[in-house]
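Visitor: Hi, could you walk me through this one?
Guide: Happy to, let's take a look together.

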Amino acid sequence: MTRSWLFVPLALLLAFVTACGGSGPSQPASTSDAPEAGAADSPQTEDSVVNVYSARHYDTDDQVFGAFEEETGIKVHIVEGDSAALLERLRREGEESPADLFIAVDAGRLFHAEQAGIFDSVTSEILEERIPASLRHPEGLWFGLTKRARVIVYAKDRVEAGEINTYEDLADPKWQGRVLIRSSSNVYNQSLMGAMVAAHGEPAAEEWCKGLVANLARKPQGGDRDQVRAVAAGEGDVAVVNSYYLAQMIAATDKPEDQAAAAAVGIVFPNQGDRGTHVNISGAGVVRGAPHRQNAIRLLEYLTGADAQAIFAGGNKEYAVVDGYAAVPELEGFGEFQEDSVNASVFGSSGQQALRMMDRCGWR
Ligand code: FE
């Protein structure tokens, strides 16, 4: 496997780091790890390769790509970058692009790629059978590979279990001055807002947004882990966080303060009494005009296999996208939950509209 880091302007890089929040495995590799000059612009073009443009930066992903190489003899060449920079590169390369597969985190970013016209439709019985319909594009433009739930956590010593049950509750005046959530510039929140629009329609979703903003304990700041830390520190009583961040904090034996913060909060899977909890995905699609289209489909299918799912999802403490695969112990500890089955393309596509709405209602 070979790896390149796409050089991006510092401002873009910083924006991405902020968007991902805090330290941890979702950070991009340091630019100092970049290969020799020139390598970043020379993906392989032989037939036994697949060129992957990836905006997912988890160390364990490499294990999966390595295993794929061993099993198939197809070399995986990875060009890493943040989603926007990779899309810009694809646009610049146009029909000459060597890219075969584009991987991104969050349905909102997959939608941006879809809008940019980079994906080609794929039909695969394996992918259609394994991946639930709500977690892949209706026309096969992209496929979910891992999933994460956007959960609510609460201070165990100040909030009773059962006091907060839904995303809608976050806008209840009862929680005035007690809610913690990161900025609206974060794509996870844009997708959550998109899911609220899908559930309630625009006017009601905007009212919810206003109520949420009125309840904020502080100006939105930091990443998801920071919201958990702030609940533990007493800055607020409830917070919104992706499930894998909480699971990672529980498992962080090298960071006892994070483990203590995670132990101080309880977890709620919102909306179990109605539509279910908002889940988002990381996913991938085959690039239009991919020089190694069959290899890209083969890699996609491989990523939904049992071994690959265990590492690809489990390594980041995400849920497997394929039903029936066991989750890592930290997630098992959270218990089972019902998911909102609205298609990821729905809240992904309403992200821009959601962002404008968040602007209007004062979510910064
Ligand atoms: Fe993340």
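**A chat about helices and an iron site**

Guide: Let's start with two helices: Leu192, Met193, Met196, Val197 and His200 in H6 meet Glu202, Ala204, Ala205, Glu206, Trp208 and Cys209 in H7. Contact here means heavy atoms within 4.5 Å, and helices (H or I, at least four residues) and strands (E, at least two) are DSSP runs, numbered from the N terminus.

Visitor: What classes of residue are in the contact of H6 with H7?
Guide: There are eight nonpolar, one polar and two charged residues. Ala, Val, Leu, Ile, Met, Phe, Trp, Tyr, Cys and Pro count as nonpolar, Asp, Glu, Lys and Arg as charged, and the others, Gly among them, as polar.

Visitor: Wait, where do the numbers come from?
Guide: This is a predicted model, where local features need pLDDT of at least 70, side-chain atom pairs count only at pLDDT 80 or more, and totals for chains, interfaces and linings use all residues. Residues are numbered from 1 along each chain as its sequence is written, and side-chain values use heavy atoms, with hydrogens and water left out.

Visitor: Back to the helices. At what angle do the axes of H6 and H7 cross?
Guide: Roughly 135°, and the axes of H6 and H7 (residues 202–214) come within 7 Å. Axes are lines fitted to C-alpha atoms, for helices over the stretch in contact, and angles run from 0 to 180 degrees between N-to-C directions. H6 and H7 are therefore oblique to each other. As for the cut-offs, angles under 35 degrees count as roughly parallel, over 145 as roughly antiparallel, 65 to 115 as roughly perpendicular and the rest as oblique.

Visitor: And how do H2 and H12 cross?
Guide: The axes of H2 (residues 59–72) and H12 (residues 306–314) cross at roughly 165° and come within 8 Å. That makes H2 and H12 roughly antiparallel to each other. On the H2 side the contact is made by Thr60, Asp61, Gln63, Val64 and Phe65, and on the H12 side by Ala308, Ile311 and Phe312. Those residues divide into five nonpolar, two polar and one charged.

Visitor: New topic: which residues are the protein donors of the iron ion?
Guide: Tyr188, Tyr244 and Tyr245, each through OH, lying 2.0 to 2.1 Å from the iron ion. Donors are N, O and S atoms within 2.8 Å of the metal (3.2 Å for Na, K and Ca); water is not among the atoms, so sites may look incomplete. Along the chain, the donors follow the spacing Y-x55-Y-Y. Tyrosine 188 in helix H6 (residues 187–200) and tyrosine 245 in helix H9 (residues 243–251) are 57 residues apart, so this pair links distant parts of the chain.

Visitor: Is tyrosine 188 buried or exposed?
Guide: Tyrosine 188 is buried, with a relative accessible area of 3%, and tyrosine 245 is buried too, at 1%. Buried means under 20% relative accessible area, exposed over 50%, partly exposed in between (1.4 Å probe, protein chains only).

Visitor: What does serine 243 touch?
Guide: Not counting residues up to four places away in sequence, serine 243 touches Arg148, Ala149, Val151, Tyr319, Leu331 and Phe334. Serine 243 lies in helix H9 and is buried, with a relative accessible area of 0%.

Visitor: And the chain overall, how many helices and strands?
Guide: The protein chain has 15 helices and 10 strands. Buried residues make up 58% of its 364 residues.
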